[in-house]
Amino acid sequence: MRHVHAHSTHRPPIDHLFAALFGRREASPVARTHRFGHDDAAETETGDDVLAEFRAQARDLHERIVHEHGVFVAEFLGATGSGKTTLVERLIERAPADERIGVIVGDVAGDDDASRYRDHGVAVTNVTTGKECHLDPGLIEDALADFDLHALDTLYVENVGNMVCPADFPLGAQLRVLVVSTTEGDDVVRKHPLLFQACDAAVVNKADLADAVGADIDRMAADVADVAPGMDLFRTSARDGDGVEPLASFLDGVRAGGHDHHGHPHGADEHLG
Amino acid sequence: MHELSVAEALLDHAAAAAADHDHDAARVEAITVELGAATHVNPTQLRFCIETVAEATFDADLTVHIDLVDPRATCECGWAGDPPSFEGAAAVVPTARCPECGGPTEFTRGTECRLASVTVPDTPATTHATDTED
């Protein structure tokens, strides 16, 4: 295993131009304006939209990992402490013995989550972002160098614990699973509508602690249905494994479908364990 | 703080456009960014990040214009229009719920963060004459 650092892909290829281009000189009296637009013959496919570029990179990753190598990729997102690692550990434990599993785990710092995954005997790459609050497609690309994609059936990607930034950075997975927990407060869903809208399925974890922390778990489920209509929702207590089976079956269904999980079908809602 | 990576990517584009042989500019004075309301990018932080990267790294004095783009969305039921926003948010946060049928919508506008224009000095870096306006 090696550590992949955030800066490895953030060096612009045209660094050497920057100092000259943005250097301070005497201001010119007249300025020209270069306007990107439809009449610009040099316009790139993404039209100088940097977020569209990240999305295009994610599509390339998806094409390579999922379609060329037949690897099932699921991304897990959510706040630090929501239970992402524990949930993926439960999924790894219930997998068939011959399933070849890899995990890319993102954290700002430290080796704690990677160490837990290694104890399960799966291939692990730890991506410490340093200061970045999310994984981006370039970091996944770097991390893939550690894996033999021909020798993988499943790749789990655990994003950095964050409820805001990952929304704009898809990573090429078949589905993005957002994990929230009752201990974050039962208003956590409505506080983060955009991230729910960017994901394909949701987990409300630590269901066993709802009463202890005074969280109304039904309200959380109603909020999910409100901000992301039709989103598949699972209630789990990952520490004990309760409710993990329906989530695992759902993932198996997406895997067996052989294609991507497109949107949220109307009416396909809550999966009660 | 994902605005920093977005800022770096935008400055990449600005540098490439200025250095393009048709423009051949020696430096960049201003950039305009079109930023969609359905993104997670905070416009105030984005402006700060662009200015800071340009200033701290390259000693530049760059003017940054950010134009906010209102979201548009469509639904399978046939509805298309301006999506309603969540109440009480400090910024415009559009919902992905169809106001007609309650189903999920797709954003057709408002997910962009696009370098719309780059302002460069009138005098090209090299001596040959070029048009001053595109």
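Two strands pair if DSSP finds at least two bridges between them, and helices (H or I, at least four residues) and strands (E, at least two) are DSSP runs, numbered from the N terminus. This is a predicted model, in which local features need pLDDT of at least 70 and side-chain atom pairs count only at pLDDT 80 or more, while totals for chains, interfaces and linings use all residues. Residues are numbered from 1 along each chain as its sequence is written, and chains are lettered from A and ligands numbered from 1 in the order in which they are written.

**View 1. Welcome to chain A and its confidence.** Chain A holds ten helices and ten strands. The average pLDDT (the predictor's confidence in each residue, from 0 to 100) is 83 for chain A, and 77% of the residues score at least 70. Please read residues 4-16 of chain A with care: the pLDDT there is below 50, and beyond near neighbours in sequence this stretch has 23 contacts in the model. The pLDDT is also below 50 over residues 262-268 of chain A, a stretch with 13 contacts beyond near neighbours in sequence. Here two residues are in contact if their C-beta atoms, placed from the backbone, lie within 7 Å. Among chain A contacts between residues at least 6 apart in sequence, 76% join residues at least 24 apart.

**View 2. Strand β6 of chain A and its partners.** Look for β6(A) at residues 154-158: four of its five residues are buried, so the strand is largely enclosed by the rest of the structure. A residue is buried if 20 or more other C-beta atoms lie within 10 Å of its own, exposed if 12 or fewer, and partly exposed in between, with C-beta atoms placed from the backbone. Strand β3(A), residues 72-78, pairs with β6(A) in the parallel sense over five bridges; here A:Val73 has A:Leu155 as its bridge partner. Strand β4(A), residues 101-107, also pairs with β6(A) in the parallel sense over five bridges, and A:Ile101 stands opposite A:Thr154.

**View 3. From strand to helix to strand in chain A.** Follow β4(A) through helix α4(A), residues 112-118, to β5(A), and you trace a right-handed β-α-β unit. Right-handed means that, with the strands pointing away from the viewer, the path from the first strand over the helix to the second runs clockwise. Six bridges pair β4(A) with β5(A), residues 123-128, in the parallel sense.

**View 4. A nonpolar core with members from chains A and B.** The largest nonpolar core has 98 residues, and A:Phe196, A:Ala202, B:Leu10 and B:Ala14 touch the most other members. Such a core is a set of buried Ala, Val, Leu, Ile, Met, Phe, Trp, Tyr and Cys residues joined through C-beta atoms within 7 Å. Helix α1(B), residues 3-19, gives the largest share of this core, nine residues. Leaving aside neighbours within four places in sequence, the contacts of A:Phe196 include A:Leu178, A:Ala202 and A:Met231.

**View 5. The three-stranded sheet of chain B.** Chain B has two helices and six strands, and 41% of its 134 residues count as buried. Three of the strands form an open sheet in the order β4-β3-β5, with antiparallel pairing. At the edges stand β4 (80-81) and β5 (105-109), each with a single partner strand, so one side of each is left without a neighbour in the sheet. Strand β3(B), residues 72-75, is joined to β5(B) by four bridges and runs antiparallel to it; B:Thr74 has B:Glu106 as its bridge partner.
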